[in-house]
Amino acid sequence: MNLKQIIKKIFTYNPNNEYNFSILEDSIGPNKPEDKQQSEKIFPRLDLNIQSIETKYNLLINSDVILKQFTLNARGKQYNAFILYIDGMVDTTLVNDFLLKPLMLRNQNNLFDGNQNKILSESVSNNVTVRKIKKFNLAEYVETCLVPQNSVKKVQEFADAISGVNSGDCALFIDTLDIAFDVDVKGFKQRSVDTPTNEIIIKGPHEAFVENIRTNTSLVRRIVNNENLIIENLEVGKISKTKCAVCYMKNITNSSLVAEVKYRMNNIDIDSLLSSGQLEQLIEDTDMYGIPQILSTERPDKATKYLLQGRVVVIINGNPYCLIMPATLIDFLSSPEDTNLSTLFANFLKALRIIAVVLTLLLPGMYIAVTSFHQEILPTEILFSTLAAREQVPFPIIFELLIMDFSFELIREAGLRVPSPIGPTISIVGALILGDAAVNANIVSPILIIVVAITGISSFAIPDFSFGFHLRVYRFVFTLLGFTAGFLGIGLGIYVYICLICNIKSFGVQYTAPFAPAMNSKNNGYFIPPIWKQEYRATFLSPKKEKAQSHISMKWKNN
Amino acid sequence: MTNNKIGNFEAIALILTIVINHTVLTLPKTIVSTTKSSSLINIVYVGIIAICISILICNLLKKFVGFDIIDVATFLGGNTLRNILGILFIVYFLFSAGSLLHNFCSCLQIAFYSLTNILFLILLFLIVVYITCNFGFNSIIKTNLLIVPIALLSIVFLFIANTKNFNLQRIFPILGDGFSATFVSGLSNLVAFSGIVFLYFLPPYLKESEKLKKIAVSSVIISLVYLLLSISTILFMFNFFTATEELMPLYSAARYIEFGNFFQRLDSVFLLIWIMSLACYVSILVIFSMSIMKKITNIKHYNSTIYPFLLIILGVSLLPSNASIANLFENVIYKYAYFILVLGISLTVLILANLKHSKIPESSNLKEYK
């Protein structure tokens, strides 16, 4: 940028052309009655069954649900049939060798043309033979003779068939039969799915996403276990054509939110998309302030939890992290552990996290403000010990603090980058030996080591890495403000920071919701209520289904 | 969802922010010096009158759904009246912001920054106001919603933490300087409820404009409770001679808070909260001035008006050369401006507009005046 452009930029008025998307109220009412498919029977006509399945699974857009039509041979006759399964959740060998091969290929079983009818009894009277026969039953024949599987169930309703398919089974539909066969061919990736490395919890599942998109979608699909989960495939990147799966609950998620996510993803004009972090930056509302607006997780259970709340999850091929949108401030301070713990413990941890945020952001700035401008706030004894500790230190306090802060960040970065066996060694050497040596050499005061250490520990208590990172960066700003004007600087800094987060929107949802603007969040605030009280989904997401559970969820208590 | 629409809580917080910021500074001192030991009775009395006035304003605005006072002035007297009233309100807001900023910064200077020129302290505030005004109206209103409860809680905490220092005898004589001083000349304390000025500007911004009356009454009642707490703290802690001498009486009260040997001087923590509150208040005044300017000039991109407005605030805040002139600004000029503009001219405009409205046929379209 040359001087002319700089001057032009400063003195020319540029009106704001902000992109402003807001979630609209969905046309479907919040308390839409449950789908009636529970009692829908399977039709004896194959074309009707295909239509029904196509509608239920949105096969035109749902990429991982496979409907394979074929001709089945039975007793020399041919019947139209199809199988339905979810790619990634079934064992392809089982489907090919023990389902399709016996049914499609001609073999002794299906070509057998002997007595077609089973003779139950036979009697001869007046030289006339009377045979009591059982008529040929295709369903029984398929189950007992053609499908060499240990677990084959006959189902009469779509709901049962779909439930099996969602959990990794394969449904077989045959023309003329008003039943379907639920064949157990589960084969989703299991052990290759690793434990989470960055979002570790004590109570709860220990599965993490892997790099394969289909494995990841199957992980989500398996937990959601409902046909209303839509997984749409999109491609991003002109060269890489990276597959991204946009996942949402058809009957819960706000349609305009889904449309907005797809709109943004379809309008990314880049050559290659290599990571979820890149996509996050490409679709978030603003990247000016460095505050994360999209959640990122490696945990399928966390992704599912948010899916069922009415959010959209985007899984990117080649990445073990998925993106969850929209996200609010409180989501970044929530841990997957919260739902597994009792309410009291979870809320205690949440309160701790707020303190951690305040300490991470403000402690160094506060320390410098108190020691430089507001000494009266300290009790006399502590003031004396602080002054005595600093007596030998030749540097000004800001320099001392910045040295320690940068050293801490350096140790943290080095600990992350070095190979894991020597990572802890680096931390110990950095933290203990260097810290002790710096105090002994009178480069820093011991009390400052405590301040920096508490700040560092607090930053580790923040569940979301990106959110913690932004606090670490903003901490330097508050340190400088505290040094410049004490509490005045920090107070004004906090005000600007609050204004800034009040200005941010994540996919049409206010970042500070449900506190500002104030709204009835229906028990979806920062602190979580007991699980039986979590009746409603967050109102700021405008979900199609507001209720998440019935008014009295613990019916056993009231019976 | 329409932009720039605010909910009921945001509206209440908006009205409260004026009361809070004036209370933190010189308002309690003014009230105590006027009515002495009858201050509490006086505040209840003027509070009831303020509720009546706010109900009156809401009723007068009822016929003009979604209209603010500037639109009503356009309806009544065309563009001329609109421009005059608009400029008067801009001047009132900017003057109020400037004088409050000067008072607050002088207190800060005396308490903590004795070696710093007041100009730098004022400039710090104005830079912050500039930054936040660029975030927009919604952002500031939401921030205010978050800050106001903290500021309110700070006063409640101040009251509770100081109860051991209270001398309840100071309420006597209960009528202070007499009936006339409490109920007649004490009417001037109506300025304590100056937050009702925003009632004139709220209707176009409200999501539920039919709830204006509810908002008005709730905010005046909360202000009343808030003022009672702050005046009680000062009245029970200091005799009124001391109270009227203190630069920031509530700040002085904060210095007496003690919890054991460890928490002894929490005044700077209170100051931290009040700094945020004041910065937010000045931003609100500037953003409202900008929106009035937009209305009276019909300019599309009004963001640039922030520069002259900030310069005017800087100028006003640098005008008082000493504390007594600053007090004159705050206690005399601001008070008269409030009575003349907010309770005089604006109410008259509303009443006349209602009379005019009753004479025009119902079918006529009011929207052309917006």
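In the predicted model, L72(A) has Y79(A), a residue of β2(A), as its bridge partner. This pair belongs to the antiparallel pairing of β1(A) with strand β2 (residues 77-86) of chain A, which extends over 10 bridges. Both strands are part of an open sheet of 5 strands, arranged in the order β1-β2-β6-β7-β5 (chain A) with antiparallel pairing. The edges of this sheet are formed by β1 (65-74) and β5 (152-155) of chain A, each of which pairs on one side only. On average, and with direction ignored, neighbouring strands of the sheet are turned by 25 degrees against each other. Helix α2 (residues 46-57) of chain A packs on the sheet, where it touches β1, β2 and β6 (170-174) of chain A, and its direction makes about 10 degrees with that of β2(A). Helix α5 (residues 138-146) of chain A, in turn, lies across β1, β5, β6 and β7 (180-183) of chain A and runs at about 95 degrees to β1(A).

The loop between α2 and β1 of chain A contains N58(A). The phi angle of N58(A) is near 50 degrees, a positive value in a residue other than glycine. With 15 other C-beta atoms within 10 Å, N58(A) is partly exposed.

A second open sheet of chain A is considered next. Its 5 strands follow the order β8-β9-β11-β12-β10 (chain A), and the pairing is antiparallel. Here the edge strands are β8 (229-236) and β10 (295-297) of chain A, each pairing on one side only. Neighbouring strands of this sheet are turned against each other by 25 degrees on average, direction ignored.

The buried residues of α16(A) are L448(A), V451(A), V452(A), T455(A), G456(A), S458(A) and S459(A). Seen down the axis of α16(A), these buried residues fall within an arc of 165 degrees, so they line one face of the helix. An α-helix has 3.6 residues a turn, so residues three or four places apart point the same way. The face of α16(A) turned away from the buried side carries the exposed residues I450(A), I457(A) and F460(A). The cover over the buried residues of α16(A) includes α12 (343-372), α14 (397-417) and α17 (465-503) of chain A.

Helix α17 of chain A also holds F467(A), which counts as buried because it has 20 C-beta neighbours inside 10 Å. When neighbours within four places in sequence are left aside, F467(A) is in contact with P292(A), F332(A) and I462(A). F467(A) and F478(A), which are 11 residues apart in sequence, lie 16 Å apart in space, C-alpha to C-alpha.

A contact between parts of the chain that are separated in sequence involves G204(A), for which the C-alpha atom is separated by 6.4 Å from that of N340(A), 136 residues away along the chain. G204(A) is placed in the loop between β7 and α7 (213-224) of chain A and, with 16 C-beta neighbours inside 10 Å, counts as partly exposed. Its contacts, leaving aside neighbours within four places in sequence, are with D301(A), P336(A), E337(A) and N340(A).

The loop between β14 (509-510) and α18 (555-558) of chain A contains P517(A), which is joined to A516(A) by a cis peptide bond with omega of about 5 degrees. N523(A) is also placed in the loop between β14 and α18 of chain A, and its phi is near 65 degrees, a positive value in a residue other than glycine. In chain B, the peptide bond from F172(B) to P173(B) is cis, with omega near -5 degrees, and P173(B) is found in the loop between α6 (137-161) and α7 (179-183) of chain B.

Finally, the two chains meet where 29 residues of chain A are in contact with 33 residues of chain B. By class, the side of chain A that touches chain B has 21 nonpolar, 7 polar and 1 charged residues.

Definitions and conventions
Residues numbered from 1 in each chain as written. Chains lettered and ligands numbered in written order. Predicted model: local features only at pLDDT ≥ 70, side-chain atom pairs only at ≥ 80, totals over all residues. Buried ≥ 20, exposed ≤ 12 C-beta atoms within 10 Å, placed from the backbone. Helix = DSSP H or I, 4+ residues; strand = E, 2+ residues; numbered from the N terminus. Arc of directions from axis to C-beta. Contact = placed C-beta atoms within 7 Å. Pairing = 2+ DSSP bridges. Axes fitted to C-alpha atoms, helices over the stretch in contact; angles between N-to-C directions. Nonpolar A, V, L, I, M, F, W, Y, C, P; charged D, E, K, R; others polar.
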